[in-house]
Amino acid sequence: MTQLAQIAVSTTNIALMGTLGMRQVAAGGLALVLFNQIRTMCVGLITASGNQIATAVSAADKRGEAPDRQIRDLLRSSFLIATIAGFLGGAALAGLGWVLPWLGQDPEVLTDARPLLLALAPGLLPCLWFQVLRQYTVGMRRPQALLLVTLGSVVLNLLLALGFIHGAAGLPALGLTGIGVATSLVFLITFGVLSTMVRCDDQLGRTLPLKPLPVRTATVRAELKLGAPIALTYGSEAGMFSVLALAMGSIGPEALAAHNVVYQITYIVFQVAIGLSHGASILVSHTVAREEYAHARALARLALRYAAVITAVTGAVYVLAPDAVLLLFLDSPDSEALRIAHTLLLIGIVLQFFDAAQNIGTGLLRGLKATRAAFRLSLFGYWGIGIPAALLLAFPAGFGAAGVWLGLTAGLATTAVLMLRRYFTLLAEQERERPHMLPVSLSSGC
């Protein structure tokens, strides 16, 4: 539910861009793709903190101790990493607008995209602080406040975006750039609200540190050891989508607009998969700490079944009522962008299942602390298979925009199969090692 509420913000933004025109959809969608590229990599650096908190809680429960000190230590480390990443990522985002002309993008599209990138850049810092608290609440298995705040952000973003686009309620009329200003403000406000709610929670407030210091270097190194491969995995995936968005831009503004719209639609399903991935990942951390390997396998199968049902239901909607879905974002029923979007939406039925499956695979491997394996497999699937296939099918083979998405589907399918296979293999290896430890445990218990 939190992920669906979160994606409602960016879906609303794309819909509002559609009211401004096709060029604004192309420019705004490109800016959001680049923002998501940097944000997901920065979020990856702190994502493992949720698993570390879950492991610390389980280990402390096993020993009959309180994990308060370890949790505060992890949170201080996460906030430090998030702050540094937020400053560096925001600077990179602001500079991207001046690099894009070298990558074959339409000059008019870039004129609209640059100020939007500048407006989004300051929002990265509170966005990452929010993610630290998110991992904390999920790791402690108390995400209710997170859901309430994220739901509220949907309404707040809509009101602020409308105000800044059209200059309502005394706000300046900023057009497309107003969406970026609204988004950054929403990130700041939601972080403040979630922070207050967490501090007021009896369980969460007890272990939330009041001061940012001291930060233990060993904890920062341990978190980066797990988080850096996650960031690279997320960056690898987001990078593939960014490269393919640039490929769409080189085909034409209509192809880029269609890509942005259908990507946003399938991204809704992907957000559900992220929720399943986070939940399964945390539960795997708890389960493996208790050496319940059959339960860990069942969790993986259950998450995949949920993903299959969700993608089947949404796929049926794409087939039965494509215009009802697409015309929420595109203003003309007779445009070339809509024709391309129809084709991409059909490919998206298959794509979104593999996209969900590979994301669940990433979360499962994170639950086993196998973040390096996830990165290596994603690198091969996305960049070894996905991008070459997409570029070959789009240009030499002449399939255009459809070829990009067919190649993208191949890359996601390869990654999903490899990650899930690795997860079940690692579980089997850990289970085989378990009997060798039992005699020691039994003797020490006697």
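Val193 is partly exposed, at a relative accessible area of 39% (partly exposed lies between buried, under 20%, and exposed, over 50%; 1.4 Å probe, protein chains only). The residue sits in helix α7, residues 176–200 (helices are DSSP runs of H or I, at least four residues). Together with Leu185, Leu188 and Ile189, Val193 makes a nonpolar surface patch of about 310 Å² (residues with over 30% relative accessible area and no salt bridge, nonpolar side chains joined within 5 Å). The model is predicted, with pLDDT of at least 70 needed for local features and 80 or more for side-chain atom pairs, while totals for chains, interfaces and linings use all residues. Residues are numbered from 1 along each chain, and side-chain values use heavy atoms, without hydrogens and water.

The largest pocket holds about 500 Å³ of space (a pocket is an open set of points on a 1 Å grid where a 1.4 Å probe fits, with protein on both sides within 12 Å along at least five of seven lines; lining residues have an atom within 4 Å of a point). Its lining has 18 residues, and Val138, Pro143, Gly275, His278 and Gly279 are the closest to the centre. Helix α10 supplies the largest share, 8 residues. By class, the lining has 10 nonpolar, 6 polar and 2 charged residues.

The second largest pocket holds about 250 Å³. It is lined by 17 residues, with Leu75, Phe79, Pro209, Lys211 and Pro212 nearest its centre. Two or more lining residues come from each of α3 (68–96), α5 and α7. Helix α3 gives the most, 5 residues. This lining divides into 12 nonpolar, 2 polar and 3 charged residues.

Definitions and conventions. Patch = residues over 30% accessible without salt bridge, like charges linked within 9 Å, V, L, I, M, F, W, Y side chains within 5 Å. Areas by Shrake-Rupley, 256 points an atom, 1.4 Å probe, with all protein chains shown as cover. Salt bridge = Lys/Arg side-chain N within 4 Å of Asp/Glu carboxyl O. Points joined across faces, edges and corners; volume = space filled by probe spheres on them. Nonpolar A, V, L, I, M, F, W, Y, C, P; charged D, E, K, R; others polar.
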